Amino acid sequence: MIQNKKYPWIVVALLWIVALLNYMDRQMLSTMKPSMQLDIAELQSATNFGYLMAIFLWIYGLMSPVSGMIADRINRKWLIVGSLFVWSAITFAMGFAKTFDQLYWLRAGMGISEALYIPAGLSLIADYHTAKTRSLAVGIHMTGLYMGQALGGFGATIAAEFSWQNAFISFGLIGIVYSVVLIIFLREKPIKEGFATDMVVAVKVNLSVKDSIIKSLTILFTNISFWVILFYFAVPSLPGWGVKNWLPTLFSENLGIDMSKAGPLSTITIAASSFLGVIFGGILSDKWVQKNIRGRVYTSAIGLAMTIPALLFIGLGNSLIYLVGAVFFFGFGYGMFDANNMPILCQFISSKHRATAYGLMNMIGVFAGAFITNLLGKSSDGGSLGKDFAMMAIVVVVALALQLTVLRPKHNDFIDA
C-alpha cells in the first residue's frame, strides 16, 4: 500500500490528540487538590500530595526504557492504542476513588500505561518525517502535551462547578472513545514501498533477531554522545516537572489567589508560551540544520538559556506581571528545547534504537522530576517554594555548558547499516 504524501502530517494530527489526553489526564490532579481534600483528608498535607504526584513519576520513569524497548520491537500502532485505552480507563476509575490508597495505586497504574506512549509516538513521528520537517513535526506534537497541560489546569474549575469525580469520569470516557478512532485511522510506518505493517503485531520485521535488548543497550551506552544527551535531557527536567506540578500552587501562594483561578492562569500561560516555543524552535531548527549540522543543538541551547533568568523571576517574583512574564519566557525557551530532543537524538542514534534511547532519556528525566516533585512538596510545607524554584537555574547552566561543548553531530539523520 502506497502511503499518501500527506499521511506523515495526519500521523502528527492523530497523535496530537493522544498527547493532549496524555498530559491532561495526569495534570488535572495537580489543580484539584482543594476539592479532593474535602473528601480525602490525607490530601490536606502537601507532602502527601507530593507523594501522590511522585509515585506516578517513579513508575513512569521505571517503565519508560521498557516501553522504548517494546516499541522498537512490536507494532507501535497497537502499543499506542493499548496505552491510551488503559490510562483512560484508569482516569475513569479515579472518579470512583474513596481513599488515598486507592488514588495512590491508580496513579501508579497510570504511570505504567502512560509510559508506553511517548517513546512509541515520537519514534513513529520521527520515522515518518525526514530531517527537513522532523523538528517541526515533533514540535507540533509537543503542543498537544502543552494543550493537555493547559486544559488540565481547568480541573479545579470543573471540580468547583460540578465535582472532581465527574472531571475524572468525563475525561476518561473521552480517551476510551478516541482509542477506537486510532484503531481505524492510525498506521505503522511501512518498512518498504508496497508493504504495510498494520497486521504485524508481534514483531517489526525490520528488526532482526540478533538485534537483542542487550545489543541495543550496548550500542547506546558505548556512545559518549548518548550519555551527554541523557544528562542534558535530565537536568532541565528538574525545573520542567517542577513547573508542571507546582506552578499552580506557587501562583496561588505568591499572588494570594484561589486555586480555581491560579490553576488556569498558570497552566494556560506556560502552555501558550511553550506552544509558541516549539513551533518557533521547530521551524528554526529545521532551517538551521540545513546550513549548519549543529543547528538543532544551537536551537536547543538558545531555549535552555532562556529558562535560566526565567526561573529566577518565577521563584522570586511576587506580582502578576513578573510571574506571568517569567513563566511565558520559561515556557517559550523550554518549548524550543523540547522540540529538538528527539531530532537531536536522531543525529546520533539509528532508527532501530531510537524508541529505546528515548525511553531511557524519559526515565532519567522523569526520575529527576520525581525527585524535584517531592522536594518542592516539602518546600511548600516549609514556606520556601519560591526560593527553591530560583535555585534550579544553577543546574541548567551546567547542562547548557556541557551540551554546547560535547554535542557535535556528523549527520542530519543517523543511518546504521
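Predicted model: local features only at pLDDT ≥ 70, side-chain atom pairs only at ≥ 80, totals over all residues.
Residues are numbered from 1 along each chain as its sequence is written, and side-chain values use heavy atoms, with hydrogens and water left out.

Okay, the rings. We get 17 aromatic pairs, where a pair means Phe, Tyr or Trp rings (six-membered ring for Trp) with centres within 6.5 Å; planes under 30 degrees apart are stacked, over 60 edge-to-face, and the rest tilted. Take Phe100 and Tyr104: their centres are 6.1 Å apart and the planes sit at 35°, so that pair is tilted. They're four residues apart in helix H5 (residues 100–115), about one helical turn; helices here are DSSP runs of H or I, at least four residues, numbered from the N terminus. Phe100 is buried at 12% relative accessible area, while Tyr104 is partly exposed at 24%. Buried is under 20%, exposed over 50%, partly exposed in between, with a 1.4 Å probe and protein chains only.

Next up, Tyr334 and Phe337: centres 5.4 Å apart, planes at 55°, so tilted. They lie three residues apart in helix H14 (residues 320–339). Tyr334 is buried at 8%, and Phe337 is buried at 1%.

Last bit, charges over rings, meaning Lys NZ or Arg CZ within 6 Å of the ring centre and within 35 degrees of the ring normal. Arg187 sits over Tyr7, 4.0 Å from the ring centre, and Lys189 over Tyr128, at 5.8 Å.

Methods: Helix = DSSP H or I, 4+ residues; strand = E, 2+ residues; numbered from the N terminus.
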